[in-house]
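Keep the structure open while you read.

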Amino acid sequence: MARIAYYRELLKKDLWGRLAQLEDCLSPEDILAAAEGYDWRDRIWNPVLTFWTFLAQVLHPGSACREAVAVVLAEQAIKSERRISPDASAYCQARRRVPLSVFTMALRKVGRCLQAKAKGQYLWHGRPVRLVDGSSCSMPDTPELQEAFGQPDGQKAGCGFPVARIVAMFCWATGAVLDVMIGAYRSSELTLVRSLWDHLKRGDIVLADRFYCTYAILAELLAHGCDAVFRLHGGRSRTMDFRKGRRLGCQDRLMRWQRPRVCPRGLSRDQWMLLPEYLTIRVIRFCPQVPGFRSRTILVATTLLDPLAYPSEEMAALYGDRWTVELRLRDIKTTMQMDVLRSKSPDVVRKEILMHLIAYNLIRALMWQAAQKHGRPLHRLSFAGTVQRLNALAPYLWLYAGTGRSVVLYALLLEWIARDKLPYRPGRIDPRAVKRRPKEYDRLNKPRHQLREALLRKTG
């Protein structure tokens, strides 16, 4: 067995050339430090190479483990004389051995690095904004995953797929994922999101949709020294009377909310009773006008109570930016294809989710560099275009690592990313519908083994 320290000098320049320009965000030493204390066999699949291969696999959506190992085989054949078995089982075993803490560390490290780069840019009234939202992803139907995550109630046994529930916190300035909580399908997002509050700092503003607009969440954020901007929950929005409360302006009221009598799920009775009995909440009503569409009335609840420091028009514009978190999740789930996972054990499923988010953060770091170097707005750059250009140039960046040619190629990559500017389309609305029809196969409404036996009886 070899200690982690054995690999420090060996891996400083080996197989990290593709990300050499991003070592300030994530370096091999960071990965080795997170894996400190674990013993590894003296083999090719050490923690750094395993991590890098996993990252390369995620950056090529849909690629299998065999394909990822083939990429490493080709690179090793070019750069060195080390021989690697083409069998993917060794890589899969190494992926299981890498501790989950390595992936958690990497995600938070890159997120903090991007935050530090942003500094005073993209602040709202001099304060950082954090976006919170939840989502889910599917995975293979195995007994182990069914037990760990569960599946929706509407799916029959043997006909559905396990689903993981995730809640992520994004940085409004850079779009980076700061942290994520992963739970079973029946986990409550309100329970998962409470684990993210430790990453908030005094003065942060949390922006989220109506699902999170609960008395407990608002009270907890105020206790952390943070403020909230949420769309008003359906129950309160239907009973909100704007004739009550203190008038701050047109369609702007200061309300006093009393703590509900019923303790919500996820909180003990003692925790519930520790919350303040009353909260002062500001409620703003506005009607966004989109030409050609029926106007909708939106109610926003916030703990930012000063109407002079935070005008209602600017509050409405800030809540309109909440939609950017949906675009970030689309980048992760659709562009990077995290919607359907491939791993078949609970531990590796969690690692796969974290690795998708790490890859996403590294792509955002590339976009940040391109935006800063060429003076382009970060949120107008194409995420999908950045992924495509990185995948095209990555083999050559690694091949010419340590030479002047790699510097020229990297500068060219940043230029390509900066020139791929998305058009400005405010108020754009598209139906959530697909034009291309799926193939007319029968639906699997019974377990596969039962249908297979029925086919055998029919043909026999």
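Start with two helices. The axes of helix H13 (residues 346-374) and helix H15 (residues 404-419) come within 8 Å and cross at roughly 85°. Axes here are lines fitted to C-alpha atoms, for helices over the stretch in contact, and angles run from 0 to 180 degrees between N-to-C directions. Helices (H or I, at least four residues) and strands (E, at least two) are DSSP runs, numbered from the N terminus.

H13 contributes Leu366, Met367, Gln369, Ala370, Lys373 and His374 to the contact. H15 answers with Tyr410, Ala411, Leu413, Leu414, Glu415, Ile417 and Ala418. Contact means heavy atoms within 4.5 Å. By class, this contact has 9 nonpolar, 2 polar and 2 charged residues. Ala, Val, Leu, Ile, Met, Phe, Trp, Tyr, Cys and Pro count as nonpolar, Asp, Glu, Lys and Arg as charged, and the others, Gly among them, as polar.

The model is predicted: local features need pLDDT of at least 70, side-chain atom pairs count only at pLDDT 80 or more, and totals for chains, interfaces and linings use all residues. Residues are numbered from 1 along each chain as its sequence is written, and side-chain values use heavy atoms, with hydrogens and water left out.

Two strands pair if DSSP finds at least two bridges between them.

| Strand pair | Sense | Bridges |
|---|---|---|
| E7 (residues 252-258) and E8 (residues 278-286) | antiparallel | 7 bridges |
| E8 and E9 (residues 298-302) | antiparallel | 5 bridges |
| E4 (residues 205-208) and E5 (residues 227-231) | parallel | 4 bridges |

Individual partners can be picked out. Met255 has Ile281 in E8 as its bridge partner. Arg282 has Thr302 in E9.

Helices also cover the sheet.

At 1% relative accessibility, Ala208 counts as buried; the cut-off is under 20% relative accessible area, with exposed over 50% and partly exposed in between (1.4 Å probe, protein chains only). Beyond its neighbours within four places in sequence, Ala208 is in contact with Val132, Val229, Phe230, Arg231, Tyr319 and Arg322.

Is Lys351 buried or exposed? At 0% relative accessibility, Lys351 counts as buried. Its place is in helix H13. Not counting residues up to four places away in sequence, Lys351 touches Phe54, Arg95, Arg96, Arg97, Val98, Pro99, Leu100 and Phe103.

Finally, the whole chain. The protein has 16 helices and 9 strands. Its radius of gyration is 25 Å, close to the 23 Å that the globule rule gives for 460 residues, so the protein is as compact as a globular protein of that length. The radius is taken over C-alpha atoms, and the rule is 2.2 Å times the number of residues to the power 0.38. Of the 460 residues, 49% count as buried.
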